[in-house]
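Open the model in your viewer and keep the sequence panel beside it. This tour goes stop by stop: select, look, move on.

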Amino acid sequence: MKALSIAVCLISCLGTASAQSDDLNTNGRQQTERKQLPREVPNPEKIATQMTDQMKESLQLNEKQYKKIYKLNLKEQKERFTNSQNSGQRRPPMRGEGFEMRGERPPMGGGRPPIMGDGSFPDQMDSPSRTNGDSDKEKAESLQKVAEAKEKKIKKILSTEQYAKWQTEQITHRNKFSKH
């Protein structure tokens with residue numbers, strides 16, 4: 001009788017262990033599949049749609065307002081996209097860019113960029129943004145002018161109540177991100 005109960009215990013333990021290993025294998029496969037999916041590259045149209053949809057929901061925009069705000073957001077996002085493409089700014093290379101990742105080491109000197117005062121990469125030193133004399137103050141003033149122009153256009157599109165609500169949302173949004 002003892003042998004029978006021990007056999008039953010062993011069989012149940014083996015079944016539980018087998019089920020757990022199957023779960024681990026399945027979860028492991030799912031995680032690697034998720035990691036291998038490419039990230040979607042944001043485009044101006046998608047960003048403008050998301051921004052306008054968010055405004056439609058929070059401000060209860062009518063169809064005419066929605067179309068005008070979308071057009072304004074799309075124009076702004078296209079300008080940002082082209083500016084970032086043409087500015088000569090480069091991001092640091094991601095893992096695997098620039099050399100094959102087959103267990104090889106990166107090329108000599110390909111590790112970290114040299115430490116510089118402003119944290120830029122060597123190939124950015126001669127970029128147009130560095131040589132045209134634009135200071136951070138001038139860039140900030142330029143961005144401020146663009147924001148003011150957009151705000152004037154939005155004020156013309158929205159009703160007084162909608163505009164007031166939009167302004168409070170903008171202040172909340174700025175405060176939220178300025179603390180970080």
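Select lysine 56 and tyrosine 66. Lysine 56 lies over the face of the tyrosine 66 ring, 5.2 Å from the ring centre. Keep in mind that this is a predicted model.

Now show the two helices that these residues belong to. Lys56 is one of the H2 residues that meet H3, and Tyr66 is among their partners in H3. Select residues 44-59 for H2 and residues 63-86 for H3. How do two packed helices get described? By the angle between their axes and the distance between the axes. Here the axes come within 8 Å and cross at roughly 140°. The crossing of H2 past H3 is right-handed.

Next, colour the contact between them. On the H2 side, pick Pro44, Glu45, Ile47, Ala48, Thr49, Met51, Thr52, Asp53, Met55 and Lys56. On the H3 side, pick Glu63, Tyr66, Ile69, Tyr70, Asn73, Leu74, Glu76, Gln77, Lys78 and Phe81.

Zoom in on threonine 52, in helix H2. Is threonine 52 buried or exposed? Threonine 52 counts as buried because its relative accessible area is 0%, and the cut-off for buried is under 20%. Now show what surrounds it. Beyond residues up to four places away in sequence, threonine 52 touches Leu61, Tyr66, Ile69, Tyr70 and Asn73. Tyr66 is the residue from the first stop, with lysine 56 over its face.

Keep Ile69 selected and jump along the sequence to isoleucine 157. This residue lies in helix H5, residues 136-157. Isoleucine 157 and isoleucine 69 are 88 residues apart in sequence. In space, their C-alpha atoms are 7.5 Å apart. Which residues does isoleucine 157 contact, leaving aside neighbours within four places in sequence? They are Gln65, Lys68 and Ile69. Isoleucine 157 has a relative accessibility of 18%, so it counts as buried.

Finally, zoom out and show the whole protein. There are six helices and zero strands. Read along the sequence, the pattern is α-α-α-α-α-α. Of the 180 residues, 15% count as buried; threonine 52 and isoleucine 157 are among them. Now turn to the contacts between residues at least 6 apart in sequence: 56% of these join residues at least 24 apart.

Technical notes: Residues are numbered from 1 along each chain as its sequence is written. This is a predicted model: local features need pLDDT of at least 70, side-chain atom pairs count only at pLDDT 80 or more; totals for chains, interfaces and linings use all residues. Side-chain values use heavy atoms; hydrogens and water are left out. Axes are lines fitted to C-alpha atoms, for helices over the stretch in contact, and angles run from 0 to 180 degrees between N-to-C directions. Helices (H or I, at least four residues) and strands (E, at least two) are DSSP runs, numbered from the N terminus. A crossing is left-handed if the near helix is turned anticlockwise from the far one by less than a right angle, and right-handed if clockwise. Contact means heavy atoms within 4.5 Å. Buried means under 20% relative accessible area, exposed over 50%, partly exposed in between (1.4 Å probe, protein chains only). A charge sits over a ring if NZ of Lys or CZ of Arg is within 6 Å of the ring centre and within 35 degrees of the ring normal.
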